[in-house]
2 protein chains.
Amino acid sequence: MSQGNTGVTSQVVNAQACPVREVLDRVVGKWSVPILIAAAHGPIRFTELERAIEGISRRMLTLTLRNLERDGLLKRTVHPTVPPKVEYELTPVAHELHGTLLRLTGWAERHRVTIAESRAAYDEERGLVDA
Amino acid sequence: MSQGNTGVTSQVVNAQACPVREVLDRVVGKWSVPILIAAAHGPIRFTELERAIEGISRRMLTLTLRNLERDGLLKRTVHPTVPPKVEYELTPVAHELHGTLLRLTGWAERHRVTIAESRAAYDEERGLVDA
DNA sequence: CTGGATCCATTAGGATACTG
DNA sequence: CAGTATCCTAATGGATCCAG
């Protein structure tokens, strides 16, 4: 049991995670998750996203939206009205990811206190052992 | 259906994703996922991780391991032998995350070709429409 | 073997101002 | 409303050398 990794793991992680990591880095990037979750309930407008996420800059919202659209995770629809109206919605591929993202945030919610405590304890041991 | 986001989403994303995002940024960071997956099969040594992940620098491996240990996701065991032997293994909290991480990489594997194609198509439309 | 420390290049990302 | 462009700082991360 203590040797379950020797020689096998390297191939699993190498061959699969490497091309996958590029995808994941993009999809699970800093702002991608909240955007995908916010857009999961239906088409959502630029300004709505900007307010919903709070903390995101207009610049990063634009950049992340572009990347998600480029990767085929978001569908961008421009309504040629005045003032302009642009809506973003998940593509089928992104919808498939939604459940997993909820699991991810669910896990984070359930354990965020425990994690914070662990971090505090760790810092205390190393920061001011006996001062 | 096209208005499912108005006013409701903002609270969902704000109140939940914000504290959660800090946790996620750390856990789903660039190198955390491959490390957690590689360590899921049982205790694994520093050098084994270094070879298994391939592309990670010794520095980033150390830093990410420290963060994961600090957050209580990895348990670090030092065997006082010579030469030293250090093993990392998932904590129960991290084990709870493992299934979700596999879903995540599974999704990335299934769609990475589609995503690459989408990206290429997007670039072609904008890069050299008729040149 | 398992790191820590330092230096340096790249990139992410905020602030701000401007536009169709 | 929905962006784009520019500037500038902070963080990321590789390379290298040193150490218990």
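## Contacts to DNA strand C

In this predicted model, an N or O atom in the side chain of B:Arg45 sits 3.0 Å from a sugar or linking oxygen of DNA strand C. That's a polar contact, meaning a pair of N or O atoms within 3.5 Å. B:Arg76 goes for the phosphate instead, with a side-chain N or O atom 2.5 Å from a phosphate oxygen.

DNA strand C has 18 residues around it, and B:Arg76 is among the closest, along with A:Arg59, B:Thr47, B:Arg66 and B:Tyr88. A residue counts as near if one of its heavy atoms lies within 4 Å of the strand.

H4(B) gives the largest share, four residues.

## A look at H4(B)

H4(B) has 13 residues and spans 18 Å from first to last C-alpha, close to the expected 18 Å. Its buried residues (under 20% relative accessible area, 1.4 Å probe, protein chains only) are B:Leu61, B:Thr64, B:Leu65, B:Leu68, B:Glu69 and B:Arg70. Just past the helix, B:Gly72 takes a positive phi of about 80°.

## Ground rules

Residues are numbered from 1 along each chain as written, chains are lettered from A and ligands numbered from 1 in written order. Local features need pLDDT of at least 70 and side-chain atom pairs 80 or more, while totals for chains, interfaces and linings use all residues, and side-chain values use heavy atoms, without hydrogens or water.

How values were computed:
A polar contact is a pair of N or O atoms within 3.5 Å; within protein, one must be able to donate a hydrogen and the other to accept it, and residues adjacent in sequence count only if both atoms are side-chain atoms. Helices (H or I, at least four residues) and strands (E, at least two) are DSSP runs, numbered from the N terminus. The expected span of a helix is 1.5 Å times one less than its number of residues. Buried means under 20% relative accessible area, exposed over 50%, partly exposed in between (1.4 Å probe, protein chains only).
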